[in-house]
Amino acid sequence: MVASKPIDFRKGIDGLVALVTEVLAADPFAGDVFVFRAKRTDRIKLILWDGSGLCMVTKRLEAGSFTWPSVQGGVMTLSVPQLRMLFSGMDWTQIPARSPPPSRPSLPTEKSQAPA
């Protein structure tokens, strides 16, 4: 999940977890990656649960800025390739979000009988 509004970048892990639960109405322990940006678009922070603890990753680009959705309230969801491009500092908007794969009908299972 990407929070589109900039945050106070002095916030640490506890402050960001509070934003996830109170503002984004999400569970920080669900395994999702939460992405926040500073007012300067050359800095991002990510919060994620790795199964044993919360992790916070901070990245500052040496040149350029992160491509970001227009500043407004709310969140947006990125696909894995889009998140990789965002984190790399590339323009992730060039990759369309993937739709989930179509569901396949389950095949009937036959019970095999052992010979008597």
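User: Where is Lys11 found?
Analyst: In this predicted model, Lys11 sits in the loop between strand S1 (2–3) and helix H1.

User: Which residues does Lys11 touch?
Analyst: Leaving out residues up to four places away in sequence, Lys11 touches Leu16, Leu19 and Lys45.

User: How far apart are Lys11 and Lys45?
Analyst: They are 34 residues apart along the chain, and their C-alpha atoms are separated by 9.7 Å.

User: Next topic, Ala25. Where does Ala25 lie?
Analyst: Ala25 lies in the loop between helix H1 (13–22) and S2.

User: What about phi of Ala25?
Analyst: Phi of Ala25 is near 55°, which is positive, and Ala25 is not a glycine. Most residues other than glycine have a negative phi.

User: Is Ala25 buried or exposed?
Analyst: Ala25 counts as exposed because its relative accessible area is 67%, and the class starts over 50%.

User: And Asp42, buried or exposed?
Analyst: Asp42 is buried, because its relative accessible area is 11% and the cut-off for buried is under 20%. Asp42 is in the loop between S2 and strand S3 (43–49).

User: Which residues does Asp42 touch?
Analyst: Not counting residues up to four places away in sequence, Asp42 touches Lys59, Arg60, Leu61, Gly64, Ser65 and Phe66.

User: Let's move to the helix H2. Which residues in H2 are buried?
Analyst: Gln82, Met85 and Leu86 are buried in H2. These residues cover an arc of only 100° around the axis, so they are on the same side of H2.

User: Why would residues a few places apart point the same way?
Analyst: An α-helix has 3.6 residues a turn, so residues three or four places apart point the same way.

User: What do the buried residues of H2 pack against?
Analyst: The buried residues of H2 pack against S2.

User: Which exposed residues are on the face turned away?
Analyst: Val80 and Arg84 are the exposed residues carried by the face of H2 turned away from its buried side.

User: Which residues line the largest pocket?
Analyst: The lining consists of Met1, Val2, Asp32, Val33, Val35, Thr77, Leu78, Ser79, Val80 and Leu83. By class, the lining of the largest pocket has seven nonpolar, two polar and one charged residues.

User: Zooming out, how many helices and strands are in the protein chain?
Analyst: The protein chain has two helices and five strands. Along the sequence, the pattern reads β-α-β-β-β-β-α.

User: What share of the residues is buried?
Analyst: Buried residues account for 28% of the 116 residues in the protein chain.

User: What about the accessible surface of the chain?
Analyst: The accessible surface of the protein chain is about 8,100 Å², and 54% of that belongs to carbon and sulfur atoms.

User: Last one: what share of the contacts join residues at least 24 apart?
Analyst: Of the contacts in the protein chain between residues at least 6 apart in sequence, 49% join residues at least 24 apart.

Notes. Residues are numbered from 1 along each chain as its sequence is written. This is a predicted model: local features need pLDDT of at least 70, side-chain atom pairs count only at pLDDT 80 or more; totals for chains, interfaces and linings use all residues. Side-chain values use heavy atoms; hydrogens and water are left out. On a 1 Å grid over the protein atoms alone, a cavity is a set of points where a 1.4 Å probe fits but cannot get out, and a pocket is an open set with protein on both sides within 12 Å along at least five of seven lines; lining residues have an atom within 4 Å of a point. Ala, Val, Leu, Ile, Met, Phe, Trp, Tyr, Cys and Pro count as nonpolar, Asp, Glu, Lys and Arg as charged, and the others, Gly among them, as polar. Buried means under 20% relative accessible area, exposed over 50%, partly exposed in between (1.4 Å probe, protein chains only). Helices (H or I, at least four residues) and strands (E, at least two) are DSSP runs, numbered from the N terminus. The arc is that of the directions from the helix axis to the C-beta atoms. Contact means heavy atoms within 4.5 Å. Accessible areas come from the Shrake-Rupley method with a 1.4 Å probe; for residues, only the protein chains shown count as cover.
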